[in-house]
Amino acid sequence: MNWSRVVRWARRKSLWVVHYNTGGCNGCDIEILDLLTPRYDVERLGILREASPRHADVLLCTGPVTRQSRDRLRRIYEQIPAPRWVVAVGSCSCSGGVFYGSYNLMGGIDQVLPVDMYVPGCPCRPEAIIEGLLGLVEKIE
Amino acid sequence: MKSEAIVAALRQACPGVNVTSRSGLLGETFVVLPLQCLRHAVRLLFEQFGVRHLSTITAQDVGDNIELLYHFWAGEGLTLRTMLPKSEAHIDTITDLVTGASFYEREAAEMLGVVFDGHPDPRPLLLPEDWTGGAPLRSNETDPTAAGPTHLEQQAISEPEVQVTPGERMIIPIGPQHPLLKEPLSYLLTVEGERVVDSSLRIGYVHRGIERLCQQRNYVQNTYLLERICGICSHIHTTTYCQGVEALLGLQVPPRAHYLRALMCELERIHSHLLVLGVLAENIGFTTIFMYAWRDREIVLDIMEELSGGRVSHAATVIGGVQFDLDQQHARSILTRLDDFEKQMETLRNVIYHERSFQMRTRDLGYLSMEQVQDYCVVGPMARASGVDVDLRRDAPYAAYRDLHLRVVTAHGGDVWARTQVRVEEVFESLHLCRQLVEQMPGGPVTVRAPRRVPAGEVVSRTEAPRGELIYYIRSDGSDKPARVKVRTPTITSLMSLFDQLRDISIADVPAVIGGMDLCIACADR
């Protein structure tokens, strides 16, 4: 039995996600929360929102990185056990978006962490976030 | 008029000094006072006129001076204006008179470099601890962006670990990432056993410097920037801003646009109230109500999406009107779906009102008396749940609210349960308003052409957001970019009352209190 294949299969079917708002407007955050509710229900795809980074595989970030949240973001990322992936949800977490040029911003998530999947949109529709997560699953495979 | 009486009393109380007043746009009265008179004037407002609601303090850079504007609400807008030299920007605090001035003074201190003598807690409010870039809203200061990032490795993270001190007291940090928070903020709870004895709060994790960005962009661009202050109440932000700019331009908005704006406002209120009901239910472990509330909310989001094209950000209001129109068939379809929604909402109300465990978790929690609400200048459903009968839709009607029949919902419990009741009833009230709006909607155009340049002037624009009074101060210097945009969102008032709400409760009840407050940190931090 090839154990690495089993592990990969398990990972693909149970993506556990921790969500952190690094400076966003709430728009993408409520859409992420919407994913858990009856209409979108990502649990059917094995995707579960986790409270603690130590239980998670994926860090779902929304918003541009502010100076104040930069170190906290790093810290949360370091608490996630490897292998770990980062998804940037929303235009401002991809590039800074509408807030580009502000004194308190570091830019997008990729200024601080390596990003595996970008989901643009301001705010992202829940369908787009699901597509992004499924794209990540394919990438993991 | 009340403000005339107040100005006359101020003149009498400060003899020998020049007190001038003029009435501005949108019914706001501006009173100019010398610096030494200010505290006296604030005290007079309280003692003689019972004016206790300080909406916010705007600080702005006007060349060699810094100007402070104290916006009061006395049944009508009243702004006290005073000037202090930039070289010696000192002023006495008014927090001993108005407890609710605390956060506004802290913000003015860090953004404009004003020192408030005697302030009990002069820490920065929104800027990071390692900030070295000077006051961001002072012009001709060095460019704040030049502060540059500090190196990650050299940085100590300031959130403390769990600490146990000899007297059996323990400090528990909550946040910035925590399951009960949808957005980052950080509390430090000091507990004795299970009892919370003290708490402190740190916000600013989502401070994006929007007020400065506004000064760098033109009026049209700002509509889209300000919409992104908050994803939950995005429409009310653009509406308040556009209402202010239209007043500066002297623009008459077509009546149909007013109705469409108000329709979106009410739909947004329904969606926001359902959202917070769900979050509160989830925080106290009642996932069924969370799922019900968020499922029903989708109906409202669908209607908003069909109207404007966006589920969360709508870009509905533009300067001069709205960007979409509604035809007969669509209006009928909206009314039918609102009927369906009302049935589902009645089921939800039954579940909430008759489920004993829900009440047991929320009664007598996070209590705020009417007195405390007025001290902290709390607004919106939080204030109405403590028996304060205030609602700007009725008190200072904007958009189409003049023509509507509106019942203001109040309760007297002052606890999380009373807030829940107020929000549930307000959803029904909003449904009632939506029907009136669709049925009475006048015909005609939905937008008029607006010039790009805005004549010099200033305006204070107030509306009732889902969480309470939202106030914008906009000053124009005659160019195509505003000279100052100040935003005070309702959440910041609730945050000031947080310490009182958390005191002496069990630590297991903290999530219920926080859920019941309906915090929107993105709004508070900007």
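A residue is buried if 20 or more other C-beta atoms lie within 10 Å of its own, exposed if 12 or fewer, and partly exposed in between, with C-beta atoms placed from the backbone. This is a predicted model, in which local features need pLDDT of at least 70 and side-chain atom pairs count only at pLDDT 80 or more, while totals for chains, interfaces and linings use all residues. Residues are numbered from 1 along each chain as its sequence is written, and chains are lettered from A and ligands numbered from 1 in the order in which they are written.

Start with chain B. Its secondary structure comes to 18 helices and 16 strands. Helices (H or I, at least four residues) and strands (E, at least two) are DSSP runs, numbered from the N terminus. Chain B is as compact as a globular protein of its length, because its radius of gyration of 23 Å is close to the 24 Å that the globule rule gives for 526 residues. That radius is taken over C-alpha atoms, and the globule rule is 2.2 Å times the number of residues to the power 0.38. The C-alpha atoms of chain B fill a box of roughly 70 × 65 × 50 Å along the principal axes. Of its 526 residues, 51% count as buried.

Contacts come next. Two residues are in contact if their C-beta atoms, placed from the backbone, lie within 7 Å. Among contacts in chain B with a separation of 6 or more, 66% are between residues 24 or more positions apart.

B:Ser55 gives a local view. It lies in strand S3 (residues 53-62) of chain B. B:Ser55 counts as buried because it has 24 C-beta neighbours inside 10 Å. Leaving out residues up to four places away in sequence, B:Ser55 touches B:His71, B:Phe72, B:Trp73, B:Glu469, B:Ile471 and B:Arg488.

Two residues of chain B have positive phi without being glycine. For B:Ala399, phi is near 40°. B:Ala399 sits in the loop between helix H13 (392-395) and helix H14 (416-440) of chain B. With 24 other C-beta atoms within 10 Å, B:Ala399 is buried. For B:Asp504, phi is about 65°. Its loop runs between helix H16 (498-502) and helix H17 (510-517) of chain B. B:Asp504 is exposed, with 10 other C-beta atoms within 10 Å.

Now turn to chain A. In S1(A), five of six residues are buried. S1(A) runs parallel to strand S2 (residues 48-49) of chain A, joined by two bridges. Strands pair if DSSP finds at least two bridges between them. A:Val17 has A:Arg49 as its bridge partner in S2(A). Five bridges join S1(A) to strand S3 (residues 58-62) of chain A, again in parallel. There, A:Leu59 is the bridge partner of A:Val18.

The peptide bond from A:Ala82 to A:Pro83 is cis, with omega near -5°. A:Pro83 is in the loop between H3 and strand S5 (85-89) of chain A. The bond from A:Cys122 to A:Pro123 is also cis, with omega near -10°.

Finally, the interface. The contact takes 38 residues from chain A and 40 residues from chain B. On the side of chain A that touches chain B, the elements giving two or more residues are strand S1 (16-21), helix H2 (27-34), helix H3 (67-79) and strand S6 (105-107) of chain A. H3(A) gives the most to that side, with eight residues. Buried residues of H3(A) include A:Arg67, A:Leu73 and A:Ile76. Their cover includes S1, S3, strand S4 (65-66) and S6 of chain A.
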